[in-house]
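Let's take a friendly walk through a protein model, stopping at a few places worth a look. Keep the structure open beside you as you read.

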Amino acid sequence: VTVSPAVIPFLNLYPAANGPDLGGGLAQLNYANSQPANQNYVSGKFDQQLSVNDHLMIRYTYTGANTSQAFSVPTFISDNTSRNQYLTLQETHTLSSYTINSASFGFNRSRSDLGYKATVPIDNSMFFVPDRGIMGGITFGALISQFGGGSNAQVSSIGTDGTGPIESASNIYQFEDMVTHIAGKHTLKFGGQFRRYQDNKQFVLDGAGNYTFNTLQNFLTANPANVVICPSYCDQIHDWRTSWFGFYANDNWRVNDKLTLTLGLRYEFNTMPTIVGGHYANLDPIDSTSWRVGTTSGVVDNFYPYKQGSVFAKNPTLRQFEPRIGVAYQIIPNTVLRMGGGVFHNFISLTDLQNQIPNEGPFGGLSVFIGSGGPLAFPQLPAGSVPVRELPADMLVRREPLLPTNGILRSRGQSRRI
């Protein structure tokens with residue numbers, strides 16, 4: 001097999017084999033995958049009796065960690081760094097012998113970064129998309145046997161993962177006020193809660209591109225089966241925002257020496273989630289014939305019918321009343337029977353939305369170039385091949401609706417050269 005000059009720099013990224021010769025130009029590489037990890041943990045608490053009727057508590061917790069390991073082969077390393085901070089302030093005020101008010105504020109911040117780096121120099125000419133600043137990935141789709149390597153011989157992938165790098169930071173602001181009042185046999189609790197969620201992520205699927213080769217021979221001759229690249233208009237920054245409100249009332253009623261009843265009612269709702277800049281798109285309801293987008297600014301092509309609107313057709317959380325009941329009964333002096341029930345709701349988290357809504361409709365999608373119509377250029381497609389705004393006229397856009405997940409109908413847009 002005559003090795004293509006375009007492939008030689010990528011072949012040189014593979015370390016020299018040190019294991020058995022598998023035949024046909026394949027050999028085994030054995031190495032110890034060092035995975036160093038560091039973690040720091042700090043926690044502190046401060047209590048102060050401000051007066052006879054006031055008590056202040058402050059608590060702070062910090063955790064930080066970083067890990068690294070070889071990605072597929074030792075030539076590339078994946079780094080994962082996380083940092084979490086939690087701050088809580090609580091002030092308790094005694095209003096009377098029977099009434100106490102407790103107010104608390106909390107702030108949680110979590111950050112996680114995933115990235116890749118090469119342990120050897122990588123020339124810019126090896127970047128599949130020159131302006132992305134990082135080399136993409138090379139994967140092999142079929143077991144390699146045509147050179148006598150056997151059915152268990154397969155070439156390891158090289159380069160970076162299509163899901164990175166990822167930068168994620170979330171902030172949660174919390175406030176709660178609760179009043180506790182004792183009236184005879186009743187212990188009443190009522191109050192409200194507020195949380196503000198900010199989920200920020202910079203992420204793009206296959207932003208640096210990913211070439212797939214079906215066989216080793218295809219790789220050596222620079223004949224890829226396909227390449228997947230996120231177009232230059234893919235929105236990489238997804239900053240989600242939403243607010244949560246909760247109100248509750250609870251009565252702990254001691255009916256007699258043996259029986260205690262707990263009766264409560266909660267009401268919770270979320271504001272409609274949004275992305276800063278409005279770059280989201282969703283098909284909802286299922287029979288919709290167009291995308292509902294947060295903004296019409298930046299819509300990049302006319303293949304997607306669209307209209308401006310919220311993520312959901314209507315807010316699904318506005319009627320979430322949640323009754324609760326509990327019973328405690330003392331059967332004998334040393335035995336108490338407890339049981340309870342209630343209505344509970346789970347909210348669609350911003351993490352769910354983060355994984356499903358961005359890069360859909362007119363703000364995203366993947367460009368999939370198939371080599372069946374002729375050889376694909378490697379390691380870089382010709383200038384202008386990757387869509388910048390409107391898709392080229394000789395590309396077919398396919399709509400592939402997926403099943404609804406958590407009330408969201410997802411659909412992935414792809415472009416295929418035919």
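You will find Tyr-173 in strand 9, which covers residues 166–183. Together with Leu-89, Phe-105 and Phe-175, Tyr-173 makes a nonpolar surface patch of about 330 Å². Please keep in mind that this is a predicted model.

## Aromatic rings that meet

Now let's turn to the rings. A pair of aromatic rings is described by the distance of the centres and the angle of the planes. How many aromatic pairs does the count come to? The count comes to 15 aromatic pairs. One of them joins Phe-10 and Phe-378, with 5.1 Å from centre to centre and 50° between the planes, which makes the pair tilted.

Is Phe-10 buried or exposed? With a relative accessible area of 1%, Phe-10 is buried. Phe-378 counts as buried too, because its relative accessibility is 10% and the cut-off for buried is under 20%.

Another pair is formed by Phe-213 and Phe-219: this one is edge-to-face, with 5.2 Å between the centres and 75° between the planes. Both Phe-213 and Phe-219 are buried. These two pairs belong to one aromatic cluster, made of Phe-10, Phe-128, Phe-140, Tyr-211, Phe-213, Phe-219 and Phe-378.

## Strands side by side

Next, follow a run of neighbouring strands. Strand 13 (residues 237–254) and strand 14 run antiparallel and are joined by 11 bridges. These two strands form a hairpin, with 4 residues between them. Which residue in strand 14 is the bridge partner of Trp-244? The partner is Asn-270. Trp-244 also meets a charge: the charged end of Arg-195 sits over the ring of Trp-244, 4.3 Å from the ring's centre.

Strand 14 (residues 259–270) also runs antiparallel to strand 19 (residues 320–332), and 10 bridges join them. Tyr-267 has Phe-321 of strand 19 as its bridge partner, and Gly-264 is partnered by Arg-324, also in strand 19. Strand 19 in turn pairs with strand 20 (residues 335–342) in the antiparallel sense, over 8 bridges. Strands 19 and 20 form a hairpin with 2 residues between them. Here, Ala-328 has Arg-338 in strand 20 as its bridge partner.

To finish, let's look at the backbone itself. Most residues other than glycine have a negative phi, and most peptide bonds are trans. Which residue has a positive phi although it is not a glycine? Ala-222 does, with a phi of about 60°. Ala-222 lies in the loop between helix 2 (216–220) and strand 12 (226–229). Its relative accessibility is 15%, so Ala-222 counts as buried.

Phe-378 is joined to Pro-379 by a cis peptide bond, with an omega of about 10°. Pro-379 is located in the loop between strand 21 and strand 22.

Terms used:
Residues numbered from 1 in each chain as written. Predicted model: local features only at pLDDT ≥ 70, side-chain atom pairs only at ≥ 80, totals over all residues. Heavy atoms only, no water. Phe/Tyr/Trp six-rings, centres within 6.5 Å; stacked < 30°, edge-to-face > 60°. Buried < 20%, exposed > 50% of the residue type's maximum accessible area, 1.4 Å probe, protein only. Lys NZ or Arg CZ within 6 Å of the ring centre and 35° of its normal. Pairing = 2+ DSSP bridges. Patch = residues over 30% accessible without salt bridge, like charges linked within 9 Å, V, L, I, M, F, W, Y side chains within 5 Å. Areas by Shrake-Rupley, 256 points an atom, 1.4 Å probe, with all protein chains shown as cover. Salt bridge = Lys/Arg side-chain N within 4 Å of Asp/Glu carboxyl O.
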